[in-house]
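Hi,

Here is the structure I promised to pass on.

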Amino acid sequence: MAIIDPSRNDLNTPSEEGIDLKHVNLSGGVNHSGKLLQQRLELVEDLWQTVLRSECPPDQVERLLRLKQLSDPVASSGLDKNSTSVAIVFLIREMDLAEAIAAARAFSLYFQLVNILEQRIEEDSYLESMSKDQVTQDRKSFDPFIPPLASQTDPATFRELFERLRGLNVPPVQLETLLQKLDIRLVFTAHPTEIVRHTVRHKQRRVATLLQQLQSGSTASAEQESLRLQLEEEIRLWWRTDELHQFKPSVLDEVDYALHYFQQVLFDAMPQLRRRISSALSASYPDVHLPQAAFCSFGSWVGSDRDGNPSVTPEITWRTACYQRQLMLERYLRSVHDLRDQLSISMQWSQISAPLLESLEMDRLRFPDVYEERAARYRLEPYRLKLSYIIKRLKLTHDRNQQLAQAGWKNIPEDFDIQNYSDSLHYRSVAEFRADLELIRNSLITTDLSCEPLDTLISQVHIFGFSLASLDIRQESTRHSDALDELTRYLNLDKAYGLMNEEEKVYWLMEELHTRRPLIPTAVEWSEITAETIAVFQMLHRLQREFGSRICRTYVISMSHSVSDLLEVLLLAKEAGLVDPAAGIADLLIVPLFETVEDLQRAPEVMEYLFESELYRNLLPRVGDNSQPLQELMLGYSDSNKDSGFLSSNWEIHQAQIGLQNLASRQGIALRLFHGRGGSVGRGGGPAYQAILAQPSGTLQGRIKITEQGEVLASKYSLPELALYNLETVTTAVLQNSLVTNKLDETSNWNKLMTRLAARSREHYRALVHDNPDLVAFFQEVTPIEEISKLQISSRPARRKSGAKDLSSLRAIPWVFGWTQSRFLLPSWFGVGTALAAELDSDKDQLELLRSLHQRWPFFRMLISKVEMTLSKVDLDLAHHYVASLGREENRESFNRIFKIISTEYSLTRKLILEITGHSRLLAADPALQLSVDLRNRTIVPLGFLQVALLKRLRDQNRQPPMSESPNTESQRERTYSRSELLRGALLTINGIAAGMRNTG
């Protein structure tokens, strides 16, 4: 099939010259991780080729290998880039649709194998750092040449950080004060960025495990051969597994996917995290007390984030909570069964504490059936008998949970309400379960015994409770104002809520919050949307009565603009019984999400009005020994970036944090900042350690909340040691930032410089993205955005308004996804070069200042680092091929103008970034990352050409009846390819490129 027209060769945009993986001089600076990648890549490539030869016809395999060879600048016999592209085009021309699909799958498999390899290398590097000799650690801590704490950018383990702090004479009391208020919350979300099927993830873990065993070097040759055969078998099974989702996932499917990481990795990893901080403290600060057991905890938006997702109903949130509790109860039951097997202590040989014996007598009266069944067997084994009672109570709790899930939140009988049970046989709260376990531990301690599995279980109970992860409700602000408008119109107020100005709204809301009179009448048939808005609060009230406030205490208001946006939610919560302003009691924490640049700038003003309201302050939760009011505030990276560009967005968020923290300090409010980071740089992503260190000094104070999204979950939490590495380095980054108190963020001329850069960057970005009338058509035609929306990867629509094609209706995630697939990656860098150039044009000496900022200011260093990494992934040769091949003829002139703007900005940005860093190549300071990116950039090229070819054929068929194509031999019957077949091929290339780029949106 003539997939692509080789005559359309517009590949003459210069791009960065690549390096060849096999020909890198290791002595030239590639670090340990880079060396491991080089050494182990040979095995992956060999496995890949072996599987292809087993699964594909020989001539097809040769073409696939030739495609990969052509993408290697050394192996392609010195062909220049233009000639290489033409050769790739001709090879693709020879492929029919089936072979094109096989090629897309082959390269997708290759990248996913490389991803597994790199994750294993990260894990191995972490384990190696954990096993370093103590003497080496001591030497490192007191090395006078290591950078100051404020300038350190390499992730640190607990042991490294505490040794370093001891070397810097940080007082134990200062460290202990910080540790006691340490509060790190990681929130899993269900944004549509996870492109890999659950089934394929299972196979990837199996391959990762086999690779680890094969590369351990500790197995005999015969066993190594067996492992090699198992690997080939597993990858062949993977090859025959469909990579595409067979159906659009439901919200509960997404819940199951997110919770999978807890079941497989995090449930067991979290107690290890606590043991590691304990071990590191005992070595450097033996007298410092450990932080609270749940110093690092988890939240989830999966099943509770209803912003723009009509599938997330109150019933779904209720079922999500029940499902999470079910998983925890089942896990605890297995653990307690194991403990019962282990704790075989006999009263004949050991003393038992009096409280435990008293509890056994109480249990005998409450559970005569258990006593009758187990007393004879465990007559002299009190721990086993106590654990049998615990098992019984857990089973009863599990049964009750199943009944609640089946009944639904609306249909729970009043006599089934947990508050009506004063002497329940099931566990009414996790505190009762924890008390039983601690009773056993205390008894063991009194007889000089310990039990690590019991300690681990108690730690897990502290961290996960019965809830597993706290659910955050999220809804868009206009849903609440619309509901109140409908309500006030029904009540025939003098002025409907929707007609009030902001001052009138705030006055009316405050009046209603002060009165005890109910506002919402019962038995009124509201519109569907208003009824659901009210029902969410009613469901939440029942949820907290049954599960406790821990299950869901946060309500995030997206697109928060004003004071009334927060007071509206407070009023609706009051009507549902979640808030009692008169008594100063609130079971709900209202969290505004400031997303646009204008809202970020206005955030301190909005919060100052609320903090000065006695009613509002009294409803804030209290933390710390001083019972300080706590306010959580969320900052949105995605929409501010889409609105104003990368540089402007990051600067406004930085400034907002400083303004909000200064306000909170003046008002005596403790602040917890919630960072809505995505997986990609264009949505606030990037290395978490460096991002946390770049936060303004004094804004963390041991508290942070961060979203973890999409493919980020797999890259961080799919392997146990990798998960521990990420959790440990996030914690050390928070500690490090909180301990460093510098005035860098207050340097006046630096701030003025950044303000100028942000304004100029925003102006240039908006001129292209928002003011250019042809940009939306450009984006629609030269990226696979419409095909991305057909991927069955999320329950959430790609657009906020169905049928709308304008930029404002498009979500930030598919916006970034589309630019990434076509290799522009525009949201992550566009506008930076123009801003820097304008500054240098006005004063050439500013280059030295920019270089100084890159060396000294963590915030500026993080900005430049992210832009540099993104630029290294851009391929404008390939991007131009998307433009030339997919743009309609009538748009050619306008599209070429847009491409020229982008190309000019890219060249300018790249040139100035290199001048600031002082390097001749992008990523020169990180050879391992440079090596990895280069490998992907080269190998991903054939997938880009395949994607363009398939998209062109698919879109041509969408404009006319299905087209047929004639095979090479006349004797074969003419074949007609359906749109669904072509779409399938295009979607497979999207999968492959996402794997190669290691992110989607």
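Let me start with a question: is leucine 825 buried or exposed? Leucine 825 counts as buried, because its relative accessibility is 7% (buried means under 20% relative accessible area, exposed over 50%, and partly exposed in between, with a 1.4 Å probe and protein chains only).

Before the rest, some housekeeping. This is a predicted model, in which local features need pLDDT of at least 70 and side-chain atom pairs count only at pLDDT 80 or more, while totals for chains, interfaces and linings use all residues. Residues are numbered from 1 along each chain as its sequence is written, and side-chain values use heavy atoms, with hydrogens and water left out.

Back to leucine 825. You'll find leucine 825 in the loop between helix 31 and helix 32 (832-842); helices (H or I, at least four residues) and strands (E, at least two) are DSSP runs, numbered from the N terminus. Leucine 825 has a positive phi of about 50°, although it is not a glycine. As background, most residues other than glycine have a negative phi. Arginine 823, which follows helix 31, also has a positive phi, near 70°. As for helix 31 itself (residues 812-821), 10 of its 10 residues are buried, so the helix is largely enclosed by the rest of the structure. Among those buried residues are Trp815, Phe817 and Trp819.

Next, the stretch around helix 17. Leucine 491 sits in the loop between helix 17 (477-490) and helix 18 (502-514), and asparagine 492 is in that loop between helix 17 and helix 18 too. Asparagine 492 has a positive phi, near 55°, and is a residue other than glycine. With 65% relative accessibility, asparagine 492 counts as exposed, whereas leucine 491 at 31% counts as partly exposed. Leucine 491 also belongs to a nonpolar surface patch with Tyr490 and Leu493, and together the three have about 250 Å² of accessible area. For the terms: patches are made of residues with over 30% relative accessible area and no salt bridge, with like charges joined within 9 Å and nonpolar side chains (Val, Leu, Ile, Met, Phe, Trp, Tyr) within 5 Å. Accessible areas come from the Shrake-Rupley method with a 1.4 Å probe, and for residues only the protein chains shown count as cover.

Now the charges. The structure holds 57 salt bridges, a salt bridge being a side-chain nitrogen of Lys or Arg within 4 Å of a carboxyl oxygen of Asp or Glu. Three that I looked at:

- Aspartate 305 and arginine 474 meet through their side chains at 2.9 Å, N to O. This pair links distant parts of the chain, 169 residues apart: aspartate 305 is in the loop between strand 2 (296-300) and helix 11 (314-342), and arginine 474 is in strand 3 (residues 470-476). Aspartate 305 counts as buried at 10% relative accessibility, and arginine 474 counts as buried at 5%.
- Arginine 489 pairs with aspartate 485, again at 2.9 Å, N to O. The two are 4 residues apart in helix 17, so about one helical turn separates them. Arginine 489 is partly exposed at 44% relative accessibility, while aspartate 485 is buried at 17%.
- Aspartate 934 forms a salt bridge with arginine 938, with the closest N and O atoms 2.9 Å apart. Both aspartate 934 and arginine 938 are buried.

Of its 45 lining residues, the closest to the centre are Asp183, Arg185, Gln292, Val623 and Arg672. The lining divides into 16 nonpolar, 17 polar and 12 charged residues. In these counts Ala, Val, Leu, Ile, Met, Phe, Trp, Tyr, Cys and Pro are nonpolar, Asp, Glu, Lys and Arg are charged, and the others, Gly among them, are polar. A pocket here is an open set of points on a 1 Å grid over the protein atoms alone, where a 1.4 Å probe fits, with protein on both sides within 12 Å along at least five of seven lines; lining residues have an atom within 4 Å of a point.

Lastly, leucine 339 in helix 11 is buried at 2% relative accessible area.

Cheers
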